[in-house]
Amino acid sequence: MQSVLEKNAEQKNEAIIELSKVSTRFGSHVVHDEIDLDVRRAEIFALIGGSGSGKSTLLREMILLHRPDAGSIKVLGNDLGNLRDDEALALRQRWGVMFQHGGLFGSLTVKENIGLPLREHTGLSDTLIDEIAAWKLDMAGLPSEVGAQYPSELSGGMMKRASLARALALDPELLFLDEPTAGLDPVSADGVDQLVLTLRELFGLTIVMITHDLDLLWQVADRVAVLAKGKVQGVGSMSELSKIDNPDIRQFFDGPRGRTAQEQAKEQPQKTPAAEAQPGKPIARPSSKPK
Ligand SMILES: Nc1ncnc2c1ncn2[C@@H]1O[C@H](COP(=O)(O)OP(=O)(O)OP(=O)(O)O)[C@@H](O)[C@H]1O
Ligand SMILES: [Mg+2]
């Protein structure tokens with residue numbers, strides 16, 4: 001019989017997302033050329049690559065917003081190329097997405113925005129939806145007053161958190177984050193790093209993120225895939241990737257920014273334990289130190 005430990009280890013290695021020979025073209029422009037990729041349960045997985053390398057398109061394909069020209073994508077055991085409408089609807093409720101620019105409705109308050117997926121997909125009462133929205137706000141590290149505000153009244157960091165609160169509304173198993181720290185000051189970005197770690201530690205979420213943020217990559221990501229020239233050029237921890245001699249990978253490690261992030265990652269303990277990770281409590285961000 002399988003021991004609990006063996007079962008846990010097996011579940012941890014279970015692939016939650018499986019891409020097999022995924023190819024995407026726009027006209028004659030080949031963006032993905034037979035890409036294979038796995039994302040495992042409860043890992044923080046990052047997609048990196050130069051501008052136009054196809055990161056956002058790949059993410060859109062994982063969340064049923066774009067169909068690849070060839071290959072297969074399985075998410076939570078479902079083949080995305082072969083779903084009935086009711087299965088697609090059910091699957092969409094099992095993931096949350098934080099879009100790069102927040103994607104909140106400007107005419108709704110933050111609380112109404114967070115409650116929207118619950119109003120669409122559940123028959124819960126307004127009172128209960130408000131309570132859940134307040135709880136998600138707190139999970140995302142925002143004070144309750146923010147619930148009554150409109151998106152235009154929020155700072156960039158608060159907007160990202162509000163958008164995260166909405167992504168968490170339906171208790172997803174899987175979270176997709178597009179550039180979660182882009183445009184934030186170092187302290188706000190640290191808060192988001194910490195929040196991502198906390199969500200994984202406390203709720204066992206599997207997280208897929210697109211980011212250019214070297215600190216987020218070194219401090220938070222478990223595995224990173226580098227996209228370039230239509231292919232995955234390498235997959236591994238940042239430390240593993242740093243040893244690969246491939247110019248498309250080297251660009252993330254060479255140059256002053258790459259070297260500084262790498263040096264500072266060595267000085268810091270890699271992951272902060274869940275017990276210390278609190279939303280809103282910033283960890284020291286290496287690049288925020290005065291040079
Ligand atoms: N709907 C579309 N129609 C035509 N071309 C598209 C479409 N969507 C994306 N592309 C092209 O596909 C390529 C990959 O785009 P994508 O947005 O996935 O890149 P990216 O890696 O996310 O880049 P960035 O870092 O700049 O966001 C680009 O050359 C883009 O112009
Ligand atoms: Mg993009």
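The model is predicted. Its protein has 291 residues, and 38% of them count as buried. The secondary structure comes to 11 helices and 10 strands. Among the contacts with a separation of 6 or more, 67% join residues 24 or more positions apart.

**The four-stranded sheet**

- Four strands form an open sheet in the order E2-E1-E4-E5, and the pairing is antiparallel.
- Strand E2 (29–40) and strand E5 (78–79) stand at the edges. Each has a single partner strand, so one side of each lacks a neighbour in the sheet.
- Strand E1, residues 15–26, runs antiparallel to E2, and eight bridges join the two.
- E1 also pairs with strand E4, residues 70–75, over five bridges in the antiparallel sense.
- Leu-19 has a partner on either strand: its bridge partner in E2 is Leu-37, and in E4 it stands opposite Ile-73.
- Thr-24 stands opposite His-32 in E2.
- In a regular strand, side chains alternate between the two faces of the sheet.

**The hairpin turn**

- E1 and E2 form a hairpin, with two residues between them.
- Gly-27 sits in that turn and has a positive phi of about 65°.

- Most residues other than glycine have a negative phi.
- Lys-21 has a positive phi, near 50°, though it is a residue other than glycine. Lys-21 lies in strand E1.
- Is Lys-229 in a strand or in a loop? Lys-229 is found in the loop between strand E9 (223–228) and strand E10 (231–236).
- Lys-229 also has a positive phi, about 50°, and is not a glycine.
- Lys-229 has 12 other C-beta atoms within 10 Å, so it is exposed.
- The cut-off explains the two labels, because a residue with 12 or fewer such atoms counts as exposed, and one with 20 or more as buried.

**Helix H6**

- Helix H6 covers residues 156–167, which makes 12 residues.
- From its first C-alpha to its last, H6 reaches 17 Å. That is close to the 16 Å expected at 1.5 Å a residue.
- Is H6 largely enclosed or open? In H6, 11 of the 12 residues are buried, so the helix is largely enclosed by the rest of the structure.
- The buried residues of H6 include Gly-157, Met-158, Met-159, Leu-164 and Ala-165. Lys-160, Arg-161 and Arg-166 are also among them.
- What covers the buried residues of H6? The cover includes strand E6 (95–98) and strand E7 (174–178). It also includes helix H4 (110–121), helix H5 (126–139) and helix H7 (186–203).

How values were computed
Residues numbered from 1 in each chain as written. Chains lettered and ligands numbered in written order. Predicted model: local features only at pLDDT ≥ 70, side-chain atom pairs only at ≥ 80, totals over all residues. Pairing = 2+ DSSP bridges. Expected span 1.5 Å × (residues − 1). Contact = placed C-beta atoms within 7 Å.
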